[in-house]
Amino acid sequence: MGKNKMKEVSNFKGSSTYVVSRELMNSVNVAVALQKPLLIKGEPGTGKTMLAEAIAESMGMELIIWNIKSTTKAQEGLYVYDTVQRLYDSQFGEGDVSDIKKYIKLGKLGEAFTSEKQVVMLIDEIDKADLEFPNDLLWELDKMEYHIPETKETIKAKHRPIVIITSNAEKELPDAFLRRCIFHYIEFPTEEKMEEIVRVHYPDIESKLLENAMEAFYWIRNMKDIQKKPSTSELLDWLQALVLSGVSVDRIKTEIPYVGVLLKKNQDLETLFNVKDRNSKSNNSGYRWR
Ligand SMILES: Nc1ncnc2c1ncn2[C@@H]1O[C@H](COP(=O)(O)OP(=O)(O)O)[C@@H](O)[C@H]1O
Ligand SMILES: [Mg+2]
């Protein structure tokens, strides 16, 4: 496939509200061109879920989200057969219970396959489910079709959806599954990239406030022994708290106000207080964190 052909198939460039690196842009476009699922990994808050939204928006497609939980089974994405309702209807209802079709409810994959237009299908946080889950979906994601024995129907994708799969965990997914995906790891944003992301959300933020907050944020993230590093969404929340409270810009680095927006574990707060203690003793510039 020539370069131009690739452009014809897909031309994802990010969106006005989503900052995307060139590498990520390329991964999206390759996955779309090759019609393979794009597996996105990265720590929480690195914009994995939002990527699917941005792709749908920029391509003018509907986004269908399948949120995976620890109890989710692959079958639920295909269809569920509501036998309980059917039994109920057979006893008390008036409807025709011989029409099994009425009791078959398509899952999210079924919804994506039967859509009249091509859609973006997000399978969000696939690592939450058990290890069988990804393997159970291999065939359906490959062939983009499945059979419903109860109604002898075959659900076949009218248009292959663009499939985005996200995973937070370090937990490895099965090899057979990985072989079929295009993989991309979203690195935690550099300070430069983060500034871009912040400005997308708060275009009018005061530069000095942002500079001081970013310095404190990356300092905390890079502190030894922090167990749950604050993420992009926490930085955004923190900035909002700082702006709304009208806290003086000079106090941001020295006091870290509203630290509970950034750190959510007792141990992490303690780590921070200990560093603060040590520094205030050894540092005659006063009540400084560093
Ligand atoms: N590249 C980005 N561009 C714009 N906003 C971003 C970006 N990455 C993260 N964010 C912000 O961080 C929040 C968390 O992103 P999200 O997609 O939920 O992360 P994840 O799914 O990786 O945990 C988003 O709601 C958005 O406000
Ligand atoms: Mg997410």
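A residue is classed as buried if 20 or more other C-beta atoms lie within 10 Å of its own, as exposed if 12 or fewer do, and as partly exposed in between, with C-beta atoms placed from the backbone. The structure is a predicted model, in which local features need pLDDT of at least 70 and side-chain atom pairs count only at pLDDT 80 or more, while totals for chains, interfaces and linings use all residues. Residues are numbered from 1 along each chain as its sequence is written, and chains are lettered from A and ligands numbered from 1 in the order in which they are written.

M144 is placed in the loop between α8 (138-143) and β6 (145-148), where helices (H or I, at least four residues) and strands (E, at least two) are DSSP runs numbered from the N terminus. Because M144 has 19 C-beta neighbours inside 10 Å, it counts as partly exposed. I256 is placed in the loop between α13 (251-255) and α14 (266-282); with 20 C-beta neighbours inside 10 Å, I256 counts as buried.

The domain assignment (bounds from an automatic or database source) gives domain 1 (3-185) and domain 2 (191-282). The centres of domain 1 and domain 2, taken over C-alpha atoms, are separated by 36 Å. Seven residues of domain 1 are in contact with eight residues of domain 2, contact requiring C-beta atoms, placed from the backbone, within 7 Å.

Ligand 1 is surrounded by 16 residues, the closest being G47, K48, T49, M50 and S233; a residue is near a molecule if its C-beta atom, placed from the backbone, lies within 6 Å of it. Two or more residues of this shell come from each of α3 (48-59), α10 (191-201) and α12 (232-245). Domain 1 and domain 2 each supply at least three residues to the shell around ligand 1.

Methods:
Contact = placed C-beta atoms within 7 Å.
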